[in-house]
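Trainee: I'd like to walk through this protein with you, one question at a time. Can we put it on the screen?

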Amino acid sequence: MLLSPEQWDGYLRGVTYDGPAACGQAEVFARKNGAKLSGGGCEPPAPGGDVFSVTVLTTGQEPQDATASARAVIEPKCTFTPPEIPVPEETEPEPDPTEPTEEPEPEPEPEPITGLTCGDEAWTIDPDDPTLPSAVDLFTVRLAGNDE
């Protein structure tokens with residue numbers, strides 16, 4: 001996905017989440033806080049949604065174990081404006097197979113990817129050595145009530 005900028009806008013707007021990976025991180029976070037996923041566990045958003053639901057059970061506190069549920073809204077901090085795709089130049093028809101052909105042109109080097117802006121910071125991604133902002137730079141996560 002990294003080198004396919006046409007997919008970035010959906011990811012940054014929350015239309016395209018990796019639900020299983022996000023729920024896996026919710027489970028890791030719960031364990032770090034002395035809990036485990038329970039009941040419905042983690043429910044990623046419906047397509048186009050932005051709310052994850054998580055239910056956890058505290059562990060190791062018997063008989064005082066408790067269950068809690070939370071809803072987290074993911075809000076993007078970044079925008080992405082895809083680069084303009086150049087209009088291909090008209091090419092000459094293929095030469096007659098009996099004519100000698102020229103050497104094929106080498107594959108062009110990939111261009112840096114631009115158009116990702118997080119807050120006031122514009123990012124330029126080098127396709128040969130990609131470095132991206134971290135999740136905390138890309139998104140804000142806040143707890144939500146049941147009516148959100």
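Trainee: How many disulfides does the count come to?

Mentor: First, a word on what we're looking at: this is a predicted model, where local features need pLDDT of at least 70, side-chain atom pairs count only at pLDDT 80 or more, and totals for chains, interfaces and linings use all residues. Residues are numbered from 1 along each chain as its sequence is written, and side-chain values use heavy atoms, with hydrogens and water left out. A disulfide here is a pair of cysteine sulfur atoms within 2.5 Å. By that rule, the count is two.

Trainee: Which cysteine forms a disulfide with Cys23, and is that disulfide left-handed or right-handed?

Mentor: The partner is Cys42, with the sulfur atoms 2.0 Å apart. The torsion about the S-S bond of Cys23 and Cys42 is about -70°, so this disulfide is left-handed.

Trainee: Which parts does the pair of Cys23 and Cys42 tie together?

Mentor: For the words: helices (H or I, at least four residues) and strands (E, at least two) are DSSP runs, numbered from the N terminus. Cys23 lies in helix H2 (residues 19-32) and Cys42 in strand E1 (residues 35-43), so the pair links parts that are 19 residues apart in sequence. The parts are H2 and E1.

Trainee: What about Cys78: which cysteine is it joined to, and in which strand does that partner lie?

Mentor: A disulfide joins Cys78 to Cys118, S to S 2.0 Å. With 110° about the S-S bond, the link of Cys78 and Cys118 is right-handed. Cys78 lies in strand E4 and Cys118 in strand E5, so the pair ties together parts that are 40 residues apart in sequence. The partner is Cys118, in E5.

Trainee: Are Cys78 and Cys118 buried or exposed?

Mentor: Buried means under 20% relative accessible area, exposed over 50%, and partly exposed in between (1.4 Å probe, protein chains only). On that scale, Cys78 and Cys118 are both buried.

Trainee: Which pattern do the disulfides follow?

Mentor: Count the bonded cysteines along the chain. The pattern is then 1-2, 3-4.

Trainee: How do strands E4 and E5 run, and how many bridges join them?

Mentor: Two strands pair if DSSP finds at least two bridges between them. E4 (residues 78-80) and E5 (residues 113-118) run antiparallel, and Phe80 stands opposite Leu116 in E5. The number of bridges joining E4 to E5 is three.

Trainee: And on the E6 side, which residue is the bridge partner of Thr117?

Mentor: E5 pairs with strand E6 (residues 121-125) in the antiparallel sense over four bridges. The hairpin of E5 and E6 has two residues between the strands, and Gly119 takes a positive phi near 65° there. In E6, the partner of Thr117 is Ala122.

Trainee: What does Leu138 touch?

Mentor: Contact means heavy atoms within 4.5 Å. Not counting residues up to four places away in sequence, Leu138 touches, among others, Tyr11, Leu12, Cys78 and Cys118.

Trainee: Is Ala72 buried or exposed?

Mentor: Ala72 is found in strand E3 (residues 67-76). Seven bridges join E2 to E3, which run antiparallel, while E3 and strand E7 (residues 139-144) pair in the antiparallel sense over six bridges. With a relative accessible area of 18%, Ala72 is buried.

Trainee: How far apart in space are Ala72 and Phe52?

Mentor: Phe52 is one of the residues in contact with Ala72, leaving aside neighbours within four places in sequence. Ala72 and Phe52 are 20 residues apart in sequence. In space, C-alpha to C-alpha, they are 5.2 Å apart.

Trainee: Last one: in what order do the elements run?

Mentor: The protein has three helices and seven strands. From the N terminus on, the order is α-α-β-β-β-β-β-β-α-β.
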